[in-house]
Amino acid sequence: MKSLQSIVLSSIVLALVGCATQQKPAASNVATTTVKPAAPAVAKPEKPKVVVKAEAPKAPKAPAAPKAPPVSEFQQVIDALKLQGADLAKYKAAWAAREKAMADFSVSADGKKLTQLRAALTAAKEAKDEAKTKEIQAQIDPLSKKEWDLRFSQRAAVLNALTLAQQQQWAAHLLNNWAVSRAVRRMKYDEAQLKQIRTICDKAAAGFVAADTITKDPYLTTLKGLYPEISKQVTETVLTAEQKATLQPAAAAK
């Protein structure tokens, strides 16, 4: 009897345990938070790096050729007249004497004072000191005249080393340069015309330059008085009809 009761009790206990295990667990009172996974980071493409190429070093510019010094007018006389032999030696001796005379003046008391006064005059002008400028200029004038008189006489001495015919040739050379250059921008002369112009200038110089012309006017500034007649002869006897037409607009504009 006791064993039967024990069996019954064991069965009841097992049944109760089975019921307990079949019941759903009670919902938890704690709220759960759903965490969304973060989106994967998208890597931004890097900007391409600009590679600056170093410029090749530029080759240095070649230095400009030095300008030839101006040819002395005394040398131009030699070239124009094609002086040779005794004529050339005589002329060069006179030229050398002229250079010495001018050099001696520059180191003389008057020459040194003139150099100093000219420097002082420049400073006074830069300072816009009118009173000082006038004062210095008054001191310069007599010394400047001495220098000019020497320059004038020495030039005459050099050109008087030439014969009269050579002096006339030099004057003709100057006239020819003027006659040709005055129209070079408007027209071109052919060789025959150039010869005609030179003949006109030769004749004009021969009739103008006398034995004492160089002594009175070593710079031959009075040759300008021949310009109108030479211009007239060239226009009337040398120019073509087409060339004369190019002169008319210029003449009308005057």
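The model is predicted, so local features need pLDDT of at least 70 and side-chain atom pairs count only at pLDDT 80 or more, while totals for chains, interfaces and linings use all residues. Residues are numbered from 1 along each chain as its sequence is written, and side-chain values use heavy atoms, with hydrogens and water left out.

**Stop 1: helix α4**

Select residues 109–126, which form helix α4. Helices here are DSSP runs of H or I with at least four residues, numbered from the N terminus. The 18 residues of α4 reach 26 Å from the first C-alpha to the last, close to the expected 26 Å; the expected span is 1.5 Å times one less than the number of residues.

Next, colour G111, L114, L117, L121 and A124, which are buried (under 20% relative accessible area; exposed is over 50% and partly exposed is in between, with a 1.4 Å probe and protein chains only). Looking down the axis of α4, the buried residues fall within an arc of 140°, so they line one face of the helix. That arc is taken from the directions from the helix axis to the C-beta atoms.

Now show α3 (85–106) and α5 (130–159), which are included in what covers the buried residues of α4. Contact here means heavy atoms within 4.5 Å.

Turn to the face of α4 away from its buried side to find the exposed residues A109, K112, T115, Q116, A119 and E126. Just after α4, select K128, which takes a positive phi of about 55°.

**Stop 2: salt bridges**

The whole structure holds 10 salt bridges, each a side-chain nitrogen of Lys or Arg within 4 Å of a carboxyl oxygen of Asp or Glu.

Select R98 and E99: their salt bridge has its closest N and O atoms 2.7 Å apart. R98 counts as buried at 12% relative accessibility, whereas E99 is partly exposed at 38%.

Move to K145 and D149 in helix α5, which are 4 residues apart and so separated by about one helical turn. Their side chains meet in a salt bridge at 2.9 Å, N to O. K145 is exposed at 52% relative accessibility and D149 is partly exposed at 37%.

Then select D212 and K216, another side-chain salt bridge at 2.9 Å, N to O. D212 is partly exposed, at 34% relative accessibility, and K216 is exposed, at 60%.

Definitions and conventions: Helices (H or I, at least four residues) and strands (E, at least two) are DSSP runs, numbered from the N terminus.
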